[in-house]
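Hello,

Here is the structure I promised to pass on to you. Please open it alongside this email and follow along as you read.

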Amino acid sequence: MTLSRYSSRLISGCLLAALLLSACGDQEAESVPAPSPAAVPTLAPSPAVSAEPSPDAKPVIGGITSGLTGLPLEESMLPRPLAVMINNAPAARPQSGISEADILYEVLAEGGITRLIGIFQSHTGVVKIGPIRSIRPYLIDIGESYGGVTVHAGGSQAAYAILQKGKKDDMDEIGRAGAYFWRDKERKAPHNLYSNAAKLREGADKLGYAGTVEVPGYLFTDSDDLPAGGGAAAEFNVNFLLKSYTVGYKYSTERRTYLRWVNGKPHLDLNDGNPVEAANVMVMGADHKVLDDVGRLQIDIELGGEAVLFQRGQVQKGRWSRKPGDVIRFVKKDGTEALMYPGITHILIVPNSPSFSSHIEYAPIPVPT
């Protein structure tokens, strides 16, 4: 890296921190009202498929399994994923439905507050999802990588430009899809907007969106062996930007998952009190750029970069990679794609500045005395 490139990156990192830390605590930038919608094309449905397994991957379980979770399915066809933008401001927690997302992303929005993106496919009967919030360009990109219908309430001007120019399949509560959302009277706006899987799929059908699409799948293993080449990691913490917000994960040997904590307390799903947990947790570093004085961001989720993968109480260091038209994947040091353990996967995207490693700390499993 040349000196000039290093200096530019350092200045960019400082600017990011200064602008985001100066933004209002748990408030986001005001969403821009939706422009007049363009005509909606009717899309022909196509069968859902999962990625073919690698020759090195073991079959998961006999029968049909989800390409996103590796878990067995009762039906031969899965519906199209829903990519739901979920509010993660303090007043929005605890959220509903996030324990039933096949894939759960966490990424920065304005003011140092993060946004959750739930990819819902195999859990078709989720009774309540939310609170639902606004869209940004990189959030559209994440949802579309799974073939999902984008579900949101408002958005930035740049996001609306992408949605309308590309005639994207999206459901906007302040646009033409408002009938498929509701407000919860027990919470204050804007942290009280919800929907559910049935309403969203009904709305997507009424808008003429394809009910099934091809969805990239991950590679899974049915082995109980620990991932090779890793080190012990019983728990770990992730800091995105604000010192007042820390995400923690603690490994449960009984459940064989990492249980999620927020600011030292278990993160629970408001629907049923179940823990928010994941069999696989990837933390990846991406370049972040501040676009305006409001703190809106541009986040590079195509370039690739450093990443760590937590599974079965172990951590592996590697890189994340993304090919055109594909999802983000974890690549091991030997250049091969890591196998996932059946279950939910969480993907946390942190800034590369001041360094990727500065956002993560983890501890080994204690040795019994």
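Below is what turned up, going from the whole chain to a few side chains.

First, a word on confidence: this is a predicted model. The mean pLDDT of the protein chain is 85, and 80% of the residues reach at least 70. Please be careful with residues 1–62, where pLDDT stays under 50. For that stretch the model still has 118 contacts beyond four places in sequence.

As for the overall build, the protein chain contains four helices and 21 strands. Of its 369 residues, 52% are buried. Among contacts with a separation of 6 or more, 68% join residues 24 or more positions apart.

Spanning residues 137–144, helix 2 has Tyr138, Leu139, Ile140, Ile142 and Gly143 buried. What do the buried residues of helix 2 pack against? Their partners are strand 1 (82–87), strand 2 (103–108), strand 3 (114–120), helix 3 (157–165), strand 16 (297–299) and strand 20 (345–351).

Next come the aromatic rings. The model holds eight aromatic pairs. In one of them, Phe236 and Tyr249, the ring centres are 5.0 Å apart and the planes lie at 10°, so this pair counts as stacked. Because Phe236 belongs to strand 9 (residues 235–238) and Tyr249 to strand 10 (residues 247–252), the pair ties together parts that are 13 residues apart in sequence. Phe236 has 2% relative accessibility and therefore counts as buried; Tyr249, at 0%, counts as buried too.

Phe236 also pairs with Phe310: their ring centres are 3.6 Å apart with planes at 10°, so this pair is stacked as well. Here strand 9 meets strand 17 (residues 305–311), which carries Phe310, so the pair ties together parts that are 74 residues apart in sequence. Phe310 is buried, as is Phe236.

The charged end of Lys128 sits over the ring of Tyr194, 4.3 Å from its centre. Lys250 lies over the face of Trp261, at 3.8 Å from the ring centre.

Methods. Residues numbered from 1 in each chain as written. Heavy atoms only, no water. Buried < 20%, exposed > 50% of the residue type's maximum accessible area, 1.4 Å probe, protein only. Helix = DSSP H or I, 4+ residues; strand = E, 2+ residues; numbered from the N terminus. Contact = heavy atoms within 4.5 Å. pLDDT = per-residue confidence, 0-100. Phe/Tyr/Trp six-rings, centres within 6.5 Å; stacked < 30°, edge-to-face > 60°. Lys NZ or Arg CZ within 6 Å of the ring centre and 35° of its normal.
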